[in-house]
Amino acid sequence: MSLREQLCDYGRRAVELGLVIGTSGNLSVRQGDLVAVTPSGAALDRLTPEMCPIVDVEGYLVEGELQPSSETPMHLAVYETTGTQAVVHTHSVFGTVVATTMAELPPVHYNALLLGGVVKVAEYATYGTPELAANVRAALAGKQAALMANHGGVTIGATLEQAFEATRLLEWLCEVYVRGLGVGKPAILTEEQLAAVVERSLNPPSFPRR
Ligand SMILES: [Zn+2]
């Protein structure tokens with residue numbers, strides 16, 4: 001599947017799963033020095049490959065009639081720092097709730113390790129600005145996900161599928177935590193408990209054959 005076709009596919013899924021409403025949210029995927037990105041102001045479930053602009057890593061428009069998403073500078077900054085291959089940004093409900101009320105998402109479930117443990121909330125800055133790009137870059141250091149204060153979430157991956165699944169996991173973790181706060185005081189996993197999970201995943205049980 002071409003990079004642009006992938007954007008159409010995952011754009012549609014993002015809307016279907018309720019991670020994105022209307023035109024809020026944007027996706028990009030990189031190959032070499034080129035980045036295919038969703039266009040500005042278009043509904044993500046109605047994209048066609050031709051609608052998706054291609055920019056180079058310096059931010060010059062290489063192909064496409066429509067303007068790239070206004071968050072493209074943030075995507076490019078993330079590529080520059082992390083060397084990742086795909087970026088997904090949404091305004092999903094529970095991610096935005098956490099990003100509006102907290103400084104970080106604590107690890108309430110061991111699957112948080114798949115995102116790098118604690119998910120930090122990047123300091124607020126106006127959308128599309130170099131300040132926001134810098135804040136996101138800092139919050140993402142060594143991690144697969146970050147939240148953006150009063151805005152939403154961003155995840156990265158070696159493929160668009162991985163970045164997309166990271167966004168689904170981020171939203172699920174935020175939902176568990178937010179709903180947990182409504183029921184009681186969610187327990188936070190300790191460093192020791194998380195280290196034990198890593199140890200366990202490195203040494204899975206083996207089942208001998210009969
Ligand atoms: Zn946004």
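1. Basis of the note. This is a predicted model, in which local features need pLDDT of at least 70 and side-chain atom pairs count only at pLDDT 80 or more, while totals for chains, interfaces and linings use all residues. Residues are numbered from 1 along each chain as its sequence is written, and side-chain values use heavy atoms, with hydrogens and water left out.

2. His 91, in the loop between strand E5 (86–90) and helix H3 (93–101), and His 151, in the loop between strand E8 (145–148) and strand E9 (152–157), are 60 residues apart, and the pair links distant parts of the chain. Helices (H or I, at least four residues) and strands (E, at least two) are DSSP runs, numbered from the N terminus.

3. His 151 is buried at a relative accessible area of 11%, whereas His 91, at 33%, counts as partly exposed; buried means under 20% relative accessible area, exposed over 50%, and partly exposed in between, with a 1.4 Å probe and protein chains only. Asn 150, in the loop between E8 and E9, is partly exposed at 49% and has a positive phi near 50° although it is a residue other than glycine.

4. Thr 90. This residue counts as buried because its relative accessibility is 3%. A polar atom of the Thr 90 side chain lies 3.2 Å from the backbone nitrogen of Ser 92. Leaving aside neighbours within four places in sequence, the contacts of Thr 90 (heavy atoms within 4.5 Å) include Leu 19, Gly 152 and Thr 167.

5. The nonpolar cores. A nonpolar core is a set of buried Ala, Val, Leu, Ile, Met, Phe, Trp, Tyr and Cys residues joined through side-chain atoms within 4.5 Å. The largest has 20 residues, and Leu 7, Leu 27, Val 29, Ala 36, Leu 47 and Leu 160 touch the most other members. Helix H1 (3–16), strand E1 (26–31), E5 and helix H5 (160–183) each give two or more residues to this core, with the largest share, five residues, coming from H1. A second, separate core of 19 residues includes Met 74, Val 78, Val 136 and Ala 146.

6. Helices H2 and H3. In helix H2 (residues 72–82) the buried residues include Met 74, Leu 76 and Val 78, and just after H2 Gly 83 takes a positive phi of about 70°. In H3, Phe 94, Gly 95, Thr 96, Val 98 and Ala 99 are buried, and the buried residues of H3 pack against strand E6 (104–105), strand E7 (119–122), E8, E9 and H5.

7. Strand pairing. E1 and strand E2 (residues 34–37) run antiparallel and are joined by four bridges; two strands pair if DSSP finds at least two bridges between them. The two form a hairpin with two residues between them, and Gly 32 in the turn has a positive phi of about 60°. Leu 34 in E2 stands opposite Gln 31, and the bridge partner of Leu 34 in E3 is Asp 56. E2 and strand E3 (residues 54–56) pair in the antiparallel sense over three bridges.

Technical notes. Polar contact = N/O pair within 3.5 Å; in protein donor to acceptor, adjacent residues only side chain to side chain.
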